[in-house]
Amino acid sequence: MSEVAINYDESLAGDHPLPSALLRPTGGRVSSAVEWYNRRRPEILADFERIMYGKIPPRPETVRPERLSEVTDALGGKATRREIRLHMEGPCGVHFLDILWYLPNHVNKPVGAIAGINFQGNAACTDEDGIRPTVNFKSEAPQQHRWQIPMLIDAGFSVATCCRNDLFPDRADGRAESIYKMFHPASELGAANRDLTAISAWAFGCSRLLDLLETEPRIDARRIWVHGHSRLGKTALWAAANDSRFAGAVSNDSGCCGAALDRRDFGETIAKITETFPWWFPAALDAYAETPAALPFDQHMLIGLIAPRPVLVASATEDLWADPRGEFLSARAAGEIYRLFGSDGISGCEFPAPETPVFGDGVGYYLRTGKHDVTATDWKFVLEFIRRTMTV
Ligand code: GTR
């Protein structure tokens, strides 16, 4: 394996100008939200699909939720907890997905919800016993701190999650056991078929969580957010870019090929990520490993694909691998797209000090003290941002 050098010196990060999201490849400049929506946005979405994330499969022909369990006095009576198994069937086969879902008991009107994929299995997201172990994951290191379910329930939000490995086992040969087996014959599910990416499989899972949440009368379907950390933060942005039912997206420490700018050479790079995790991306991305400035987009355009819906980008001070400044700069640059919709994002803001969120109209950013993780402090900022952007 070649040695990919990693830079942590800001003065060497490079100063490549960003491509403008508003310039059409055929010439001309987009100047209205309608033109953006009808002409430019589809071009950018297609470029991201082809080069960086692959295509998210459609909702399968059959999706049948089976309620495996329901506990109406979970978390000491605060919540209703359900485990749902989604039985899905596509043209080439079947697949099932286990979802852990909490609803607050104390709110008498439809609530907002957070949907997100987890790393370590559903049982690892909660302190409560009796959650079915995730089928495709053996070790279940506790990660309750990443979900803070009691805090979200107290704040009046529902939470639904499923494990990445039940969508696409996170390894080079994971494709064969992934959701893609519903849509492709086994002969197309080898490690070489990189067009069928893990990130799009995980984003598919986000939309299936949303399908479930939006049919529940206790939930306000207009207020379902997608949240993700790290590789699943990349996923959350891609899911929200493709599925306009999401009210907004939260990218926590999503870094390279997430919120962070591709053109900066700081922390993880496209050269490094495609070498380590080729199954996350189409092979087309490899061509940009040494020349990220040749990409027809940068990551501010991914955020812009979600506009005018709100996006919150979160970084952590010790998470230099994810390039906090690069994440901030792309959140800020997305303002050129939000402006078409009459909001400015965080256009006038400078890179903020830790624990000092810059929350604009449509776009928010903050830097948390600490390492690559999701903590109670993160959720405090997330809830604050969601509340201030709620228009319904
Ligand atoms: C790292 C990867 C990052 C990030 C992280 C994670 O190893 O290089 O881009 O995705 O994994 O998902 O925790």
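Biologist: Where is Thr375 found?

Modeller: In the loop between S10 and helix H10 (376-389). Helices (H or I, at least four residues) and strands (E, at least two) are DSSP runs, numbered from the N terminus. This is a predicted model, where local features need pLDDT of at least 70, side-chain atom pairs count only at pLDDT 80 or more, and totals for chains, interfaces and linings use all residues. Residues are numbered from 1 along each chain as its sequence is written, and side-chain values use heavy atoms, with hydrogens and water left out.

Biologist: What makes the pair of Thr375 and the backbone nitrogen of Thr377 a polar contact?

Modeller: The distance from that nitrogen to a polar side-chain atom of Thr375 is 3.2 Å. The rule asks for N or O atoms within 3.5 Å; within protein, one must be able to donate a hydrogen and the other to accept it, and residues adjacent in sequence count only if both atoms are side-chain atoms. So 3.2 Å passes.

Biologist: Why is Ser230 called buried?

Modeller: Buried means under 20% relative accessible area, exposed over 50%, partly exposed in between (1.4 Å probe, protein chains only). Ser230 comes in at 12%, so it's buried. It sits in the loop between strand S6 (219-229) and helix H5 (231-242), and has a positive phi of about 60° although it is not a glycine.

Biologist: How do you know that Asp253 is buried?

Modeller: Its relative accessibility is 1%, so it counts as buried. Asp253 lies in the loop between strand S7 (248-252) and helix H6 (270-276), and it too isn't a glycine, yet has a positive phi of about 50°.

Biologist: Which residues surround the ligand?

Modeller: Phe119, Ser230, Arg231, Lys234, Glu268, Ile273, Phe277, Trp280, Trp321 and His372. To be near a molecule or strand, a residue needs a heavy atom within 4 Å of it.

Biologist: What makes helix H8 (residues 324-333) mostly covered?

Modeller: Of its 10 residues, 7 are buried, among them Glu327 and Phe328. Its buried residues pack against several elements, including helix H7 (299-306) and strand S8 (311-316).

Biologist: Why is a set of residues called a nonpolar core?

Modeller: Because its members are buried Ala, Val, Leu, Ile, Met, Phe, Trp, Tyr and Cys residues joined through side-chain atoms within 4.5 Å. The largest one here has 88 residues, and Phe48, Ile99 and Trp238 touch the most other members. Helix H4 (residues 198-214) gives the largest share, 11 residues. Another core, of 28 residues, lies apart from it and includes Leu100 and Phe381.

Conventions. Contact = heavy atoms within 4.5 Å.
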